[in-house]
Amino acid sequence: MASRSLGGLSGSRCGGGGGKKSLSARNAAVERRNLITVCRFSVKTLIDRSCFETIDDSSPEFNNFAAILEQILSHRLKGQVTWFGYESPRSFWDYIRVACRKVSQNCICSIENMENVSSSRAKGRAWIRVALMEKHLSEYISTALRDFKTTRRFYDDGAIVLGEEANMLAGMLLGLNAIDFSFCLKGEGLDGNFPAVIDYTPYLKFTQSSDSISSDEEELRTLGSSGSESSTPENVGPPFIMDENSWFNKCKRVKQKYQLTLEQKGYLEELLRLRENQLSESVSQNKILLQRIEDSDLAHKLEKEQLEYIIVELQDQLKSYQSLDQLSAEVSLSQTSLDPSHSQEGDGKQDTLNLITEGKEDTPSLLGLCGSLTSVASYKSLTSLKSNDYLASPTTEMTSPGLTPS
C-alpha cells in the first residue's frame, strides 16, 4: 500500500510539472491572441471614427489603440542587465530605436533630441504619434520585425513580435495610413510615469443565444427586483429610452457616412475621368512616336541604300584610277626603250594621259572613303587587268609604220 501511494504521488508530481508547462503555454497563447484581436478591433474603431471627426489626443479610440500597441511591443520584453547582474525594466523604445534605424528619413533622431520628453517610455509614446502623423507606422514595424537578430536580442521566447502574429500586426497597421492624425507632443499623453491601461469595454458584446428561456428585458427586471425590494418595473424605462437615443445617433452617423461615401464616389468618378483623359492622350502620343520611329527607320534604309550606291561608284572610280596609273607606267617604259628622237612624241602621250587624269574630278571628301574601301581582295582583283588584251605592248608600237625613223 505504501509503495502504491508513493508511486501515485510521484506520478502526480510528474503530471503536475507537465500540466504547469501546458498551462503556461496556453496562457501565453491566449494572451497573444487577445492582444492581437483587440488591436484589430481598435484599428477598425479608429477608421470608423476618422470618417466623422479628426483623431487627436482627446480621442478615446486613439488612447486605447496606443495602450494596446504599447502592450504588444512590451510583451515579454527582456530587461536590461546591469553590471551587478540585475535586470532593470526596459521600454519598447530601446528596441525601436535600434531596429528602425534602417527606415529612410526616420524620426528616431528628432525624438531623441526632444527637450520635453525625457523618459524612455515617453519617447516611445511620442514615436507612436509621430509615426502615425507621418503615415509610416506600418513601415517602422515591418522594418523592425525583419531585423530578426535584433528582435531576438530584445525579446524572450513567446513574445508577439517573435511569433506568427507579428505579420498580422504589420498588415492591420497598414490601414491607419488612410487616417489624418493631429497630435500635440507636449500633452499629458506622453507622461511616462504611469503604464498604459487597455479599456476592453468598447469591444465586449454579448449576444443572447436563441435557446435562452428568458429575454434580456425579463433578466433586467429580475436583477432590478433582486437588488432592492422597492424597485418597480418602471425603473427599467430609462435604459430603453437611452437605447432609442443610441439608435437615433447610429442612424445619424450612418446618414453622415452615406453622404461622405457619395462625396468620395463623386471624387473617384472625377479622378477616373481625368485618368481616362490622360490615358487617351498617352495612347495618341504613343501612336505619334511609333509613326516617327517608322519614318526614321524608312529614312535610314534609304540613306543606307544611297551610301551603298555611292560606295559602288567610288570602287569603280578607284579601279579606273588604278588602270590609268598602270597604263601611264607601261607607256613610260615603252618610251625609254625607244630612240631619244621619239621622246617628244612620248612626252605628248604623257601629256595627254595627264590631261585625262586631270579631267577626273578629285573629291577630297570621298578620297578618304575610297582609301578605306580598298582591301587586299580588291587589289588582287585589280591586278587581273594587267593583260595584253587591254593594253598595247611596246613591240607593236615599235613595228607600227608611224613610229619608223625617217
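How many aromatic pairs does the count come to? The count comes to 7 aromatic pairs, a pair being two rings of Phe, Tyr or Trp (its six-membered ring) with centres within 6.5 Å. The model is predicted, with local features requiring pLDDT of at least 70 and side-chain atom pairs counting only at pLDDT 80 or more, while totals for chains, interfaces and linings use all residues. Residues are numbered from 1 along each chain as its sequence is written, and side-chain values use heavy atoms, with hydrogens and water left out.

One aromatic cluster is formed by Phe 62, Phe 181 and Phe 183.

Helix packing was examined next. Two packed helices are described by the angle between their axes and the distance between the axes. Helices are DSSP runs (H or I, at least four residues) numbered from the N terminus, and axes are lines fitted to C-alpha atoms over the stretch in contact, with angles from 0 to 180 degrees between N-to-C directions.

Helix α3 (residues 92-99) and helix α5 come within 8 Å of each other, axis to axis, and cross at roughly 55°. The two are therefore oblique to each other, the class left after angles under 35 degrees (roughly parallel), over 145 (roughly antiparallel) and 65 to 115 (roughly perpendicular). Phe 92, Trp 93, Asp 94 and Ile 96 of α3 make the contact (heavy atoms within 4.5 Å) with α5 residues including Lys 123, Arg 125, Trp 127 and Ile 128.

Helix α5 (residues 120-134) packs against α6 at an angle of about 120°, with the axes 7 Å apart. Trp 127, Ala 131, Leu 132 and Glu 134 of α5 here meet Leu 137, Tyr 140 and Ile 141 of α6.

The axes of α6 (residues 137-146) and α8 (residues 165-173) come within 8 Å and cross at roughly 160°, which makes α6 roughly antiparallel to α8. On the α6 side, Leu 137, Ser 138, Ile 141, Ser 142 and Leu 145 take part, and they meet Ala 166, Leu 169, Ala 170 and Leu 173 in α8.

Technical notes. Rings of Phe, Tyr and Trp (its six-membered ring) pair if their centres lie within 6.5 Å; planes under 30 degrees apart count as stacked, over 60 as edge-to-face and the rest as tilted.
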